[in-house]
Amino acid sequence: MRILITGTPGTGKTCIGLELSRRLNYEYINLNEILVRSGVCKYNPDIDTHEIADTDRAIEIIDSVLSRDDIVVDTLVISLIKPEDIDKVVVLRLNPKILLERLRLRGWRGRKLCENVLAEILDYFLVESINIFGEDKVIEIDTSNKSINEVVNEIIKLLSSSRPRLGAVSWLSSVDSDFLVKLDMCREGLIDDV
Ligand code: DAT
């Protein structure tokens, strides 16, 4: 089986992907790292992020990575992946307030920090995953206040179920509007922090 693990930065893709691959005896592949190391990305200092600059070469690399079987692929780059190459997509979710603190611990500030927390609130990776792979393949997991082992147990249980698992969270209805406004102002550069 080829499993994709995705979600906003800081939701636990690397930790959970590594543990999931160990438990399933699958190979763990960090696709973001492979793409950055292969030189197809360009660093954008304005948003302090690597962006894909050579799309054709990136697709070639992704195709070659996905020619293997029994893999857990950790990635933020889902738009270049062919849906037929993936069996299941695990989308990790995390309470935005916990995510904010985790990303702060990483040293993220200002626009980059707020943009990512807003992406989590607005279900960005969930919506993208459903659009690209179809809801039958998507498993959405709320990781908030759960250990890595608890999350991995939940994923393994859901992988063997034929039913999709969506609607795990609804951050937009639970965050207060003040917080949302501040995040948006920070993303726009109007304030330095939330
Ligand atoms: P990602 O790969 O999505 O950016 P990560 O795996 O690097 O995320 O995890 C980000 C940080 O959060 C890292 O310090 C480990 C911690 N973490 C991950 N999953 C966790 C969990 N379920 N409980 C507590 N901390 C967790």
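## Leucine 80

Leucine 80 is found in the loop between β5 (71-74) and β6 (88-93). The structure is a predicted model, and the description below applies to that model.

Some residues in contact with leucine 80 come from elsewhere in the sequence. When its neighbours within four places in sequence are left aside, leucine 80 is in contact with Ile52, Thr55, Ala58, Ile59 and Ile62. For isoleucine 62, which is 18 residues away from leucine 80 along the chain, the separation of the two C-alpha atoms is 7.9 Å.

## The ligand and its surroundings

The ligand takes up the space of the largest pocket. Around the ligand there are 13 residues, and the closest are Gly10, Lys13, Thr14, Arg106 and Lys146.

Helix α1 (residues 13-24) gives the largest share of this shell, with 3 residues. Sorted by class, the shell has 6 polar, 4 charged and 3 nonpolar residues.

Pairs of atoms between protein and ligand can be listed one by one. Lysine 146 has a backbone N or O atom 2.8 Å from a nitrogen atom of the ligand. Lysine 146 is also one of the closest residues to the ligand. For arginine 102, an N or O atom in the side chain lies 3.3 Å from a nitrogen atom of the ligand. Threonine 11 has a backbone N or O atom 3.4 Å from an oxygen atom of the ligand. Each of these pairs counts as a polar contact because its N or O atoms lie within 3.5 Å.

On its own, the ligand has 550 Å² of accessible area, and the protein covers 68% of that area.

Key:
Residues numbered from 1 in each chain as written. Predicted model: local features only at pLDDT ≥ 70, side-chain atom pairs only at ≥ 80, totals over all residues. Heavy atoms only, no water. Near = heavy atom within 4 Å. Polar contact = N/O pair within 3.5 Å; in protein donor to acceptor, adjacent residues only side chain to side chain. Areas by Shrake-Rupley, 256 points an atom, 1.4 Å probe, with all protein chains shown as cover. 1 Å grid on protein atoms, 1.4 Å probe; cavity = no way out; pocket = protein on both sides within 12 Å on 5 of 7 lines; lining within 4 Å. Sits in = over half its atoms within 2 Å of the grid points. Helix = DSSP H or I, 4+ residues; strand = E, 2+ residues; numbered from the N terminus. Nonpolar A, V, L, I, M, F, W, Y, C, P; charged D, E, K, R; others polar. Contact = heavy atoms within 4.5 Å.
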